[in-house]
Amino acid sequence: MTTPISNDDIVTLFNNMAAMLEIKGDTVFKIRAYQRAANTIDQLSWSLATAAVNGEDLKKIPGIGKAISEKVQEYVATGHVVAYDRLAEELPPNVLELLEVPGMGPKTVKAAVDELGIGSVAELEQAALDGRLAQLPRMGKRSAENILRHIHAQRMRSDRTPLGIAAETCAAVTEQLFDACPGLVSLTPAGSLRRWEETIGDLDLIAISENPAETGPALAGLASVRETLVQGDAKTSVVVDPGIQIDLRIGEPDALGAMLQYFTGSQQHNIRLRDYANRQGLSLNEYGITVVDTAVTEKFPDEESFYGRLGLPWIAPELRRGADELDAARNGELPNLITVDDLRGDLHMHSDWSDGKFPLEEMIAAVAAMGYEYMALTDHSQGLGVANGLTPDRLAAQIEILRGLQDRYGMVILCGSEVDIRADGAMDFPDDVLGMLDWVIASVHNAMSQDRETMTNRIVRAMENPHVSMIGHASTRLLGRRDPVDFDIEALLQTARATGTAMEINAAPERLDLKDTHAARARELGVPLVINTDSHHTDSLSNQRYGVAVARRAWCGPQHVLNAYPASEFLGWLRAPKAERAARFDAMVAGARAGSAA
Ligand code: DGT
Ligand code: CA
Ligand code: CA
Ligand code: ZN
């Protein structure tokens, strides 16, 4: 069976550790030790992880001492290395990303971090553009220009695809393959797409077919295929437009459970599950579960029976991160995750009054067709000139129209606005204008490069406004295109809790903002989350599934999400003064729990 952690993974780990130590200015001796280990491991012709698992003494390998050997053992056993995580925490979060830019060695990265305060590739690009980078010691104009070129080239061939694009590609290829394969019975996504990761390395598909031999060649023959990488009985790998690799495997209906489980991963989840199975005298692979004593392999048609054989309930793919999900499963403590059917409203969307594509009534009719109980129309405020933001007069006119439409759709229509948080934290409408609105989203749309303290204070000030209902797409990131702003997420979420402000999970697939880990922290703190599409088009109203995936990855149930509550409860929360909302939300969560237990 293949080993979980490759030599390449270990080489990368130690090279990164060496680079991080160098940036920190640690001793040359220590840095060299990691580099030497990386070099040695890079040359091995056999799997170090397998040797570690088999209990071989790694210290026999020249260049690997006690400290390195222990780290390899730790990495193989747990999937991470505490010393590495600690180093990564001590340095700005994107230092490794800076190191990956050709021309940026540890010394240059250190100078860029220390002297220019650069913390991301986007900031590096900015410094290269405005001439600051060229002024670093040993840099100069020429090298700075080269670095800029490398950044642009890297962006062009960024190897991970944002979730939304991967999902669209998957849907298109699925349709084409069904057309091309009369014998195809089912085609199931596995891997990171099935776990709804933010970005996807490659697409993994598992086919069941009445005519298995036709499937691989049919994939390779699709018009969207640019290149065929592997074509074999067990697996076909191709690259399709727009440059996404697809790994197709053929499964057997009576053994699909094991195959789906294996290729869904995550790798860390599988490693832990395998340990768990081993302790029961069972071993796992992609074909089934083998009883070690008898060498008999059992097959499973679905994942429920597969996990069931291990004495576990089925674990939702979004939870399979190799963190706490196995313990929770074993203890019967898996969360009751929110589903898209739980949502009863969408509270962030734009019409053609600002930068949306559709007139008010078309937008509202499309929302009503989703079957929702409530919605908020939230065009931009005046400050966002590029988006044709509304002046107070236009807003008043829009409110009048919306009030007139109120009874026509059997749905509560809230008059809202997505109001800019200005650079100093002031709202883009005065309080008397905000006071006309039912629902106020506060969002950052400019001055995104403010330092952490300034940005945090800016958003905190918005939350302290008694009219602000929710912070929209807090980090402002665009996956693969724009880095998140810098803020102290813990301080923000604590303030959200204290001020009675909700936090958005923006479901636009290019945003996914809050991201999963931040949403999980919001849940822990009792901050209400709201899943919204931020639609500028009627077609985007169905993007809620992406936001639900973020919430599921954050272990959220419907009780944690404000727009999963019936209109009466949601409006009760909204009408309460902000100072009372935290207690009110706690009561709603407790009530929902009691309700679902009953
Ligand atoms: P990606 O493609 O980088 O977004 O992430 P994944 O999780 O889709 O990774 P991928 O495509 O390399 O493999 C799909 C799943 O197959 C992975 O999550 C776990 C499983 N898998 C693949 N290779 C191995 C292996 O060598 N050992 C183990 N334990 N599992 C593997
Ligand atoms: Ca994959
Ligand atoms: Ca793959
Ligand atoms: Zn916005």
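In strand E14 (residues 439–443), Val 440 is the bridge partner of Ser 417, and this contact belongs to the parallel pairing of E13 with E14, which runs over five bridges (two strands pair if DSSP finds at least two bridges between them; strands, labelled E and at least two residues long, and helices, labelled H or I and at least four residues long, are DSSP runs numbered from the N terminus). The model is predicted, with local features requiring pLDDT of at least 70 and side-chain atom pairs counting only at pLDDT 80 or more, while totals for chains, interfaces and linings use all residues. Residues are numbered from 1 along each chain as its sequence is written, chains are lettered from A and ligands numbered from 1 in the order in which they are written, and side-chain values use heavy atoms, with hydrogens and water left out.

The pairing of E13 with E14 is part of an open sheet of seven strands, ordered E11-E12-E13-E14-E15-E16-E17 with parallel pairing. Strand E11 (345–346) and strand E17 (529–532) stand at the edges with a single partner strand each, so one side of each has no neighbour in the sheet.

The zinc ion (ligand 4) is coordinated at 2.1 to 2.3 Å by Glu 418 (OE), His 445 (NE2) and His 473 (NE2), where donors are N, O and S atoms within 2.8 Å of the metal, or 3.2 Å for Na, K and Ca, and sites may look incomplete because water is not among the atoms. Glu 418 lies in strand E13 (residues 412–420) and His 473 in the loop between strand E15 (470–471) and helix H21 (489–499), so the pair ties together parts that are 55 residues apart in sequence. The spacing of the donor residues along the sequence is E-x26-H-x27-H. Both Glu 418 and His 473 are buried (under 20% relative accessible area, with exposed meaning over 50% and partly exposed in between, for a 1.4 Å probe and protein chains only).

Asp 202 is partly exposed, with a relative accessible area of 22%, whereas Asp 204 is buried at 11%.

The largest cavity has a volume of about 70 Å³, a volume being the space filled by probe spheres set on the points, which are joined across faces, edges and corners. Among the 11 residues lining the largest cavity, Gln 261, Tyr 262, Asn 270, Arg 274 and Leu 284 are the closest to its centre.

The second largest pocket, of about 480 Å³, is lined by 22 residues, of which Gly 557, Gln 559, His 560, Val 589 and Arg 593 are the closest to its centre. Helix H25 (residues 578–597) gives the most to the lining of this pocket, with seven residues.

Methods:
1 Å grid on protein atoms, 1.4 Å probe; cavity = no way out; pocket = protein on both sides within 12 Å on 5 of 7 lines; lining within 4 Å.
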